[in-house]
Amino acid sequence: MGIYILKRLLLAVPTLVAASIIIFLLIHLAPGGPVRVMLGPMQDPALVEKLRHQLGLDLPLHQQYLRWAGKALQGDLGISVTIQRGAPVTELLRQRYGVTLQLAALSMVIALLIAIPTGITSALHQNKIADHLSRLVAMVGVSVPNFFLGIMLILVLGVFLKQPWATGGYVPPEEGLKENLIRMLLPAIALGTAYSAIVMRMLRSSMLDVMSQDYVRTAKAMGIGWGSTVRRDIVKNALIPVITVIGNSVGYLLGGSIVTETIFRMPGVGRLVITGVFRRDYPVIQGIVLSIVIIRIGINLVVDILYSIVDPRIRYGAEGE
Amino acid sequence: MRNKLFAAVALVSMLALVLSACAQPTPEVVEKEVTKVVEATKIVEKEVEVEVEKEVVVTATPAPTPKELRVGISTEPWDLDPAIRTDTGSGYIIKNVYDPLIELDQSNQPTCEFALCTDWELKDEARTIIVYLREGVTFHDGSDFTAHDVKYSIEWQLDEENEAPNKELLGPIDSVEVVDDYTLQVNFSDPYTGVLQEWTRVLDGVVPEGAHGERSEEKGVAGFAGTDLSRNPVGTGPFKFVEWVSGSHITLEPNNDYWAEGVPAPGIDRVVFEIIEDPAAMQAALIGGSIHIVDKVPFRDFATVSQMPGIETARIPGIQTQLIYINLGAPPFGISEDQVGNEAEIARAKNLRKFLFHAIDREEIADELFYGMASNQYGPWYADSEWTSPDLKEMTLHDSELAQEYLEAAGPEYADGFDFRMMCTNAQWFCDVSTIIQEQLRPYGVNVEVIPIDKSAFFDTMYETFDWDTGMEDWGLSNFLAISWLYSGYYRNNHNHNHWHHDAPDLPDHYHPTVPGHAEFVEMYDQAVIEPDEQTRKEMVYEMQELVTEDVIQIDMMFLDNLHAWSDSVEGFGDGLNSQGNINLKYVTAFSD
């Protein structure tokens, strides 16, 4: 296992380098730049040149990349140029990731709270009313975009029922955990619902698959309690593909947070990306995308390790061969 | 059974979460607080330290929740140093943290109400201004406000090294003299008739002497290098700066030592300016009650918001001009480098510009996109202003027959139409305006390619290339002198939006002289700006307006109205609104959340 993890970590290095080059090129090849945003309608050519020089934007692209990558290797993602000039990008990310990760975690909890019981119920009562109902709800859940659900929640609870907490806004946990959770609730529901539908459908089909296996029939024939079989054999084995979906969800949740944070006025990474793009804050955009790539690579690794824990038959590399 | 139980528990948990969120906040619990007190007792013979535990029972009354006035602003401020700021978002904060030297009243006239002046005198045909200052005013850092602070605020901007972006508005200053602690005299090298109006903008925040510090990269927020005040403003205004959480909010607290009686309004414990980029989220927050004031209301929502109970609205003629930039440095609307001096090409370009001017139906744009909440422009200035040329006011704007005549006059190859591009920034309504124009020009056989483009790319293309034809944008006029806008929009030779250049030493290599008229315009402006006689100056302004309109240097289309909305729990707020669209909390008389 240790060798496997080491191999995976080494493999992550070229992935990261490739990702960083792509990120850098995509951002810098887009037309426009931060200096134009900074100056607005006041576009004195001398000032434009001066600012470009100050920001190092007059250097050849490869030099700019090497400069940025060299600092990134030391944990320095640069300085924000238009969002909060002078602020280290790592500091901005630290402030914002707290909000986004809390939102993602709560969304995940809500999604699993909905998905696991309904997925299991649906599979155990295949083609009965509970199953049809669950599948219908899941279909709706998958089909409704999170921004639409978010707007509807705001409209009904915030605008029609006049609940101030329902119109969004963020309260840091240190200023009141209860208020923090209340404000997080609707964004988490908006973000987590569609995801719960995906997990529920996956769990249902995975359980049905497992339930048709010989060993389940054998356990039944041997008179082992059904509840015990479901818990120990069916659900546990059915969770393996679900774990993959959960792992992949990190990307979904981070992507979904862009819209959700904007609608619910939450100062997270999602809104930072939007502002960064509109203001052409290269270091901030590069820092965020790079951090998301790192998170994705890390999560994939964790998912692979979890596989072997959930299903001991799965072994990797030298051990497995 | 177990599964059913699990599902039921999950469902109940979810419902409980939702219901707990909907519930009214629970009152504070009365607590018993045990305080440990350490007493030192001295005995003459031997010093003994005795630790006595006393149980002090504090019956805590519920701590009152701070009354927070929440203001939704659609754009994050860039820099809170009034000498540096150039953006609207910063203006919202500056208006409440600082006091201006001279203020603009609701009809945009200079006044000393809510300003640091008590009176002024203009002498020697506006070559000298004496400003009398308010006594008993203190800055948020505790220092007293005197004429030395105003002198510093002016001189810091005048210093070339500080690169203050609005220093030109200070005028041709020769010297700044402190007559006494509360009297300041400023002498100009030429008559500066616009001093009062221009100073309302350039001195909209007086700062304590020495407060800017030195400008540096590290202190800045965006764009220009920053100062000590960029993120820690210190003024004399009714609210003190507390914190700025980038991307989230800016918090202010009341300045209880403020000089004006009843300001800030009682009942406000804290003001939070929350940054909300999404207009729908902003309106929902206002209606839902989590925001009390919004900086703007979308045109399409104004009628609906106006009918909401508990919400007050106001519609005020605004200062945001919608305009079409025209590339005068390349065909079809301008001339290329090899066409300089070619009369036929110059005439062709002018006829096509005049075609565009008269073919656009502004009324249709105003009705379709702005629900009629806009005012047409007849030239570069406000149509109802006495500073707008009377001849221009008589002009017919939309005239399809006239447009067709100009199209034909441009030459046979244009008579049946031609193609051109219109860039529009892909935010707000600019591309919608472009699309309507595209439809309006189709009957003439003219095909407009609408190019949605990011704002930074828009400016990049416009200033650095000749590879564009027209551009749809807007510009906020933050001052109230017709001559100032003529300067901002048309005067500069080396970075004119329309590539309107004349041959001169300051013209960079990558530009070339374009359609004629610029040198003449610059000469007229230089004379007008120092003309002491108001009537003569007005006539010179008319002449310049007529020149740029007749030659269609750019198309100034319309001013949009400012649409405001606020909760009726914020009393008096509406009295402070004017065309600048400020959020002026000095006018709030009471707040009850």
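**View 1. Loop of P332(B) in the predicted model.** P332(B) sits in the loop between β14 (311–326) and α7 (343–359) of chain B, in a structure that is a predicted model. The peptide bond leading from P331(B) to P332(B) is cis, and its omega is near 10 degrees.

**View 2. Cis peptide bond between V263(B) and P264(B).** Omega of this bond is about -5 degrees. P264(B) belongs to the loop between β11 (249–254) and β12 (270–275) of chain B.

**View 3. Positive phi at V552(B).** V552(B) is a residue other than glycine, and its phi is near 45 degrees. The loop that holds V552(B) runs between α16 (534–550) and β19 (555–567) of chain B. V552(B) is buried, because 24 other C-beta atoms lie within 10 Å and the cut-off is 20 or more.

**View 4. Positive phi at N127(A).** N127(A) is not a glycine, yet its phi is about 60 degrees. N127(A) is found in the loop between α5 (89–124) and α6 (129–143) of chain A. With 9 other C-beta atoms within 10 Å, N127(A) is exposed.

**View 5. Helix α5 of chain B, residues 279–288.** Eight of the 10 residues in this helix are buried, among them M282(B), L286(B) and I287(B). After the helix comes G289(B), with a positive phi near 95 degrees.

**View 6. The largest nonpolar core, with 125 residues.** V199(A), L203(A), L101(B) and V271(B) have the most contacts inside this core. Helix α8 (residues 177–211) of chain A supplies the largest share, 18 residues. A second, separate core of 70 residues includes L328(B), I335(B), F559(B) and L560(B).

Note on methods. Residues are numbered from 1 along each chain as its sequence is written. Chains are lettered from A and ligands numbered from 1 in the order in which they are written. This is a predicted model: local features need pLDDT of at least 70, side-chain atom pairs count only at pLDDT 80 or more; totals for chains, interfaces and linings use all residues. A residue is buried if 20 or more other C-beta atoms lie within 10 Å of its own, exposed if 12 or fewer, and partly exposed in between; C-beta atoms are placed from the backbone. Helices (H or I, at least four residues) and strands (E, at least two) are DSSP runs, numbered from the N terminus. A nonpolar core is a set of buried Ala, Val, Leu, Ile, Met, Phe, Trp, Tyr and Cys residues joined through C-beta atoms within 7 Å.
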